[in-house]
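Open the model in your viewer and keep the selection panel at hand. The tour goes stop by stop.

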Amino acid sequence: MAQLGVVARVNGNDFQDDDARKELLKEKEAESSATEKVNLLQMFKTPNLRVNAFLVNIICMMGFMCYYGHVQNTSNLGEGNVYKSYFLGALVEIPCWSIPIIIAKLGRRWPLLFLFATSGVAGVVYGFIPVDYHLTSLSVGLIGRMTVNGAYFICLQYGSEIFPTVIRGQGIALCEIVGGIAIFLSPTVVYLAKVSPILPLLILGFCSLIGALATFFLPETAGRALPQTLKDGEGFGLDQSKWDFACIKKNRYHIPEDKMSEDIPEDV
């Protein structure tokens, strides 16, 4: 325990002795019950976790469909110059490389909601731009692609943190499956440009807004102890308000000075 306190001090964080011991006890309990098999179906018996899992699958499905849809629809933007459109499309994805830094500072929930909402608004606005406003339509379309690309980066990260450890792998696999179905459907949406050039981005815009709505009802995971068991997953986020905003927060751990030299007992 003393070593953990030193590590926390070096990193400029506080360290709370009691909280750390509780976490270690919880891990030992999880390890002792590891022999008991837990599957994804048991998740459906837990109302709160069931809802969170459903919402995570929604954002993954919308994120996958919208991102791949935007990429495939890039050739339909602007004046029809495929090379120019794809070059600019690749260019606007560069700012999205900063997403890991952003979600580390601001959390997952609000950045994802903002990116989904911005992409959704861009898709809807695109539908009202006159067909001869090529530069405007190209700019709006690229804004939609850039923001949904950022949302796509966050989706699976978010999903892996919502599912408890005992079913995390199965949960992420489920997200990948529904995401794969969305990718499979995305060319169908893009092909609607044959009917009307505004339809693909209009539909993708509404899908992004659905993703934003689903994100609003999810709990924030940044700076929180991730759920280990189904019981943890069921209670995860219940103490949060829908308007909570996760900014830079120091770890809520503090170790008293007189306990810095104590070691953790073997049977913690």
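Buried means under 20% relative accessible area. Keep that cut-off in mind; the model is predicted.

**Stop one: a glycine.** Select Gly-123, in helix H6 (residues 109-126). Is Gly-123 buried or exposed? Gly-123 counts as buried, because its relative accessibility is 3%, under the 20% limit. The C-alpha atoms of Gly-123 and Leu-201 lie 4.8 Å apart, across 78 residues of sequence. Leaving aside residues up to four places away in sequence, Gly-123 touches Leu-201, Leu-202 and Gly-205.

**Stop two: the core.** Which residues touch the most other members of the largest nonpolar core? Select Leu-112 and Phe-116: they do, in a core of 48 residues. Helices H3 (47-73), H5 (99-106), H6, H7 (134-162), H8 (168-191) and H9 (199-216) each give two or more residues to this core. Color H3 separately: H3 gives the most, with 12 residues.

Zoom in on Leu-112. Its contacts, not counting residues up to four places away in sequence, are Ile-59, Ala-151, Ile-154, Cys-155, Tyr-158 and Thr-215.

**Stop three: the cysteines.** The cut-off for a disulfide is 2.5 Å. Across the whole structure, the search finds 0 disulfides. Cys-60 is buried, at a relative accessible area of 0%. End on Cys-96, which also counts as buried, at 5% relative accessibility.

Terms used:
Residues numbered from 1 in each chain as written. Predicted model: local features only at pLDDT ≥ 70, side-chain atom pairs only at ≥ 80, totals over all residues. Heavy atoms only, no water. Helix = DSSP H or I, 4+ residues; strand = E, 2+ residues; numbered from the N terminus. Buried < 20%, exposed > 50% of the residue type's maximum accessible area, 1.4 Å probe, protein only. Contact = heavy atoms within 4.5 Å. Core = buried A, V, L, I, M, F, W, Y, C linked by side-chain atoms within 4.5 Å.
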